[in-house]
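Subject: A structure for you to look at

Hi there,

Here is the structure I promised to pass on. Please open it beside this email and follow along as you read.

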Amino acid sequence: MILPDPRLQLALDLVGVFVFALSGGLVAVQKQLDLFGVLVLSVVAGLGGGILRDLLIGAVPPTGVSDWRLVTAALLGGLVTFRWHPGIGRITRPVRVLDAAGLGAFCVTGALKAVGTGATPQTAVIVGTLTAIGGGMVRDVLAREVPEVLQRELYAVPALLGATLVVAAHELHLLSTPVALGTAALVAALRIVAVLLDLNAPRPLRSPGPTVGAGSVAAPDRSDPRPPLAGPGPVGDGRIGT
């Protein structure tokens with residue numbers, strides 16, 4: 001445990017698990033899954049990143065399956081979504097803020113746990129980032145969607161920055177509770193700004209379509225529209241992040 005107060009790290013984990021579980025539940029509801037399907041996607045979204053983190057650093061069994069508090073938070077998020085999903089979908093701003101807070105909490109706690117096991121700085125940064133985005137990616141794959149973290153507003157980039165700052169602070173012997181909380185808050189703020197301003201990572205330029213005869217005809221855009229409730233987008237337009 002890196003933070004002086006272990007209760008703080010547990011609180012950050014619980015916030016992240018519950019909020020990401022809400023996102024998994026909303027995706028399942030949109031896909032018209034039954035109660036079991038809602039709970040499965042909620043658990044995957046809430047605990048998937050932490051399980052992936054523990055497997056990468058050799059901490060087995062993962063806390064995502066051994067700590068009843070985390071499992072309960074994920075299941076609770078699924079049940080809340082199943083029962084009150086119309087209301088959750090309408091409270092756009094609070095859920096968006098909580099989603100950003102979950103992103104900041106997970107990238108920080110993931111990096112903290114990695115450095116606590118003696119991982120190299122590079123490994124700790126990667127593990128911290130995957131802790132924040134891994135559950136959402138697995139959730140979208142199970143829902144048969146392209147992971148929204150790969151195509152929507154900046155999501156992985158703030159998580160990567162947060163994990164990097166935590167690891168750098170540890171290497172410089174500057175890591176403390178205020179630094180950890182400040183980093184989580186910075187990541188959350190960057191995520192909210194990215195959503196509000198629709199900031200995205202650079203995309204490749206469209207290539208010209210195949211030529212037909214003597215003329216050049218641009219290929220039609222056959223990409224599917226952004227699937228609703230499929231990833232880290234704002235709830236107001238039918239999506240919730242993780």
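A cavity is a set of points, on a 1 Å grid over the protein atoms alone, where a 1.4 Å probe fits but cannot get out. Its volume is the space filled by probe spheres set on those points, with grid points joined across faces, edges and corners.

Two notes before we start. This is a predicted model, where local features need pLDDT of at least 70 and side-chain atom pairs count only at pLDDT 80 or more, while totals for chains, interfaces and linings use all residues. Residues are numbered from 1 along each chain as its sequence is written, and side-chain values use heavy atoms, with hydrogens and water left out.

**The cavities**

Searching the whole structure turns up two cavities of 30 Å³ or more. The largest cavity holds about 80 Å³ of space. Its lining residues (those with an atom within 4 Å of a point) are D13, V17, G46, L47, G50, I51, R53, T63, G64, L70, F106 and T131. Helix 1, helix 2 and helix 3 (63-66) are the elements that each give two or more residues to this lining. Helices here are DSSP runs of H or I with at least four residues, numbered from the N terminus. Which helix gives the most to the lining of the largest cavity? Helix 2 does, with five residues. By class, the lining has five nonpolar, five polar and two charged residues. Nonpolar covers Ala, Val, Leu, Ile, Met, Phe, Trp, Tyr, Cys and Pro; charged covers Asp, Glu, Lys and Arg; the others, Gly among them, are polar.

**Helix 1 and helix 2**

Helix 1 (residues 6-30) packs against helix 2 (residues 35-57) at an angle of about 140°, and their axes are 7 Å apart. Axes are lines fitted to C-alpha atoms, for helices over the stretch in contact, and angles run from 0 to 180 degrees between N-to-C directions. That angle makes helix 1 oblique to helix 2; angles under 35 degrees count as roughly parallel, over 145 as roughly antiparallel, 65 to 115 as roughly perpendicular and the rest as oblique. Their crossing is right-handed, meaning that the near helix is turned clockwise from the far one by less than a right angle. The contact (heavy atoms within 4.5 Å) includes D13, V17 and F20 of helix 1 and G46, L47 and R53 of helix 2. D13, V17, G46, L47 and R53 are also among the residues lining the largest cavity.

Among the residues in contact are P121 and A124 of helix 6 and A156 and A159 of helix 7. The classes here are 10 nonpolar, three polar and one charged.

For helix 7 (residues 156-171) and helix 8 (residues 177-197), the axes come within 9 Å and cross at roughly 165°. The two are therefore roughly antiparallel to each other. Helix 7 also passes helix 8 in a right-handed crossing.

**Two loops to look at**

Where is P61 found? P61 sits in the loop between helix 2 and helix 3, and a cis peptide bond joins V60 to P61, with omega about -5°. In the loop between helix 1 and helix 2 you will find Q32, which has a positive phi of about 60° although it is not a glycine.

Enjoy exploring!

Technical notes: 1 Å grid on protein atoms, 1.4 Å probe; cavity = no way out; pocket = protein on both sides within 12 Å on 5 of 7 lines; lining within 4 Å.
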